[in-house]
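Here are my notes on this model. Please read them with the structure open.

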Amino acid sequence: MIEFVLNGRAEKIDQADPNRSILEWLRTKKRLTGTKEGCGSGDCGACTVITGAPDKNGQIRYEAINSCITLIGSLQGKHLLTIEAFREQPAHPVQQSLMDCHGAQCGFCTPGIVMSLIALHSESAPGDADDHKLMEALAGNLCRCTGYRPIMEAGRQALVQSWQPGSDNHPARYLARADKADGLATVDDTSMTSLEARNGNQYYAPAALPQLKRLLRAHPDARLIAGGTDLVLEITQQLKTLPKLISLERVRELNGCQLEENHLVIGAATPYRQFHSQLSGLWPAFDHLLERLGSLQVRNRGTLGGNIANASPIGDMPPALIALDATLILEGPEGARELPAEQFFKGYRQTDLQPGEFVHSIHIPVPEPNQRLFIYKVSKRLDDDISAVLGAFRLTLRNGVVQDCRLAYGGMAATPARARLTEAALLGKPWNQRSVEQAIKALSDDFSPLTDVRASSVYRLQVAGNLLYRALLENSDLHHRDTPLMVTDYA
């Protein structure tokens, strides 16, 4: 059974198909049809809802998610708000601004846009929101009527209004009105929850590592799910049924991000948004990469462990982890073991995970003196798109000479991989145009990329070289600087 709050009212579900998404449950079981189904893949944002969960201080923290790719089992102990929660008068500032600025056209995408902007409104202080944050909040919402200008105007109007604590315009007032959570008993966050359907499909959500290990021994055929932003596509896009699911979302030991000696340790089930600032604080090149990894709705759910274990050759994070020589902690029946990230990927969507093993955490080294990280992502559109080529380069320069380098690419082979021959061509050479041009020639010996719908083999090879050359052009004076500099721009 799972317990949660829906629009201020307590809900309990003791029997349901765990393959059912929040969107399907809302529309078919609760008849809350304001939440729309557009793509079923987390791309269009028409299904956006807001979930809330207690933070470390016990305060409810709200965030926007895609309900089409989030399973109902994930709602345990949470608050769920849909567009219907904001029907009362007076209208929420976001709704009023959309009306004032004529930000709704056909109206199909509007509920999702409202929810994305309300989530941003709920966490913003006066003057805190700007165009950049507006664009980030709306990047996962598509308007097919091309009405982005009035939508942006409405967002600016709603988010630049002055409010003070206790005033009618304070964000907390609107969420408190929409989320009257007076019917939910305290949820035990130490016990395992589960769902089972009449057809036998099962869902387990352990809260601690020992519970997870027992479940894996009892159900070796179960699929592991964390944020589900990729796995659930097997249900919504490939129409598969996943008979047994074990959720990692509530496992305490797999959540969190902290600095331990000379490594940043990120739990495998930690959503991107929760470790974004800490990782970018150490290696600023991750800042823009994480802003372009899916949409904000996806980053509120998606996890680093999922991106790794998925083993996609075009996953955004693995090349950067390989370039940084990150270490994975794998947990299994025989205990924990360490494995360099570059040794984890064995073939197309094949990993070194042994039966019963799972990714526990990722250890990312902190920068050393004279180390620089460059990350460039090339995709068909700027936001919320899969990369055609991604290059991640870690260089150690001393007196203008490349003392050490690790160059990793995604989209160039069946797995994310290092360009070892290109590295050898750069090692010990001056960081200048001639050295980089010679190194680029070695890329064709490192990789024989495929041609597919995203790019041709010739294009990929040329872009891979251009990305390395771009790092030189944008940072040709690196050896004259006394402090490390990391690239945060993208192709």
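How many of the seven residues of strand E3 (residues 48-54) are buried?

1. Five of the seven are buried, leaving E3 mostly covered. Buried means under 20% relative accessible area, exposed over 50%, partly exposed in between (1.4 Å probe, protein chains only). Strands (E, at least two residues) and helices (H or I, at least four) are DSSP runs, numbered from the N terminus.

2. This is a predicted model: local features need pLDDT of at least 70, side-chain atom pairs count only at pLDDT 80 or more, and totals for chains, interfaces and linings use all residues. Residues are numbered from 1 along each chain as its sequence is written, and side-chain values use heavy atoms, without hydrogens and water.

3. The chain's average pLDDT (the predictor's confidence in each residue, from 0 to 100) is 90. At least 70 is reached by 91% of the residues. Residues 478-491 fall below 50.

4. E3 pairs antiparallel with strand E4 (residues 60-66) over seven bridges. Pairing requires at least two DSSP bridges between two strands. Thr-51 has Glu-63 as its bridge partner in E4. Five residues separate E3 and E4 in a hairpin, and Gly-58 in the turn has a positive phi of about 85°.

5. Strand E5 (residues 79-81) also pairs antiparallel with E3, over three bridges. Here the partner of Thr-51 is Leu-80.

6. A mixed, open sheet runs E6-E7-E9-E8. E6 (193-196) and E8 (223-225) are edge strands with a single partner each, so one side of each lacks a neighbour in the sheet. E8 and E9 (residues 244-247) run parallel, joined by three bridges. Leu-224 stands opposite Ile-246 in E9.

Notes. Contact means heavy atoms within 4.5 Å.
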